[in-house]
Amino acid sequence: MTMTGLDGWYGYMRSHDLGALRELLHPDAVFESPVVHTPQRGRDITFKYLASAEKVLGGPGFKYVGEWRNATGAVLEFENEIEGIKLNGVDIITFDDAGLITHFKVMVRPLKAINLLHRLMGEQLAAMTKPS
């Protein structure tokens, strides 16, 4: 794996550029949420979840605190505090040979944080689908 995919992810997290996020996603990307039972398949739904997650999680307290790489991906450990609840999680990202994200899995702890994210992500996703 070239690190252009991971570099692109870090670039998106710094810039919050939704166009850059869309360009990082493979057309058949799969997103796995800590609160949704079934994998979400396709660029559009993966984009929607990742853009929403960045709005919910990506505030000033968000930081990556660990990184593990292999030939096709990376595991990025993150921390944040939202509404007084400290959360810890990992993004497990798989890239294709062109550096596009093919699979993105999020795992979060503790249970209080998962429940909070469930509520906040539901609100954010609903806001994204309301007509302007």
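## Basis of the model

Helices (H or I, at least four residues) and strands (E, at least two) are DSSP runs, numbered from the N terminus. The structure is a predicted model, in which local features need pLDDT of at least 70 and side-chain atom pairs count only at pLDDT 80 or more, while totals for chains, interfaces and linings use all residues. Residues are numbered from 1 along each chain as its sequence is written, and side-chain values use heavy atoms, with hydrogens and water left out.

## Loop residues with positive phi

The loop between H1 and H2 contains His16. Although not a glycine, His16 has a positive phi of about 60°. Its relative accessibility of 38% makes His16 partly exposed, a class between buried (under 20% relative accessible area) and exposed (over 50%), using a 1.4 Å probe and protein chains only.

Glu83, in the loop between S4 and S5, also is a residue other than glycine with positive phi, near 50°. Glu83 is exposed, at 54% relative accessible area.

## Cis peptide bond

Arg109 and Pro110 are joined by a cis peptide bond with omega of about -10°. Pro110 is placed in the loop between S6 and H4.

## Nonpolar core

A nonpolar core is a set of buried Ala, Val, Leu, Ile, Met, Phe, Trp, Tyr and Cys residues joined through side-chain atoms within 4.5 Å. The largest one has 35 residues, of which Trp9, Leu87, Ile101 and Phe104 touch the most other members. Elements supplying at least two residues each include H1 (4–15), S5 (85–95) and S6 (101–109). Helix H3 gives the most, with seven residues.

Contacts of Trp9 (heavy atoms within 4.5 Å) include Leu21, Leu50, Tyr64, Asp91 and Phe104, not counting residues up to four places away in sequence.
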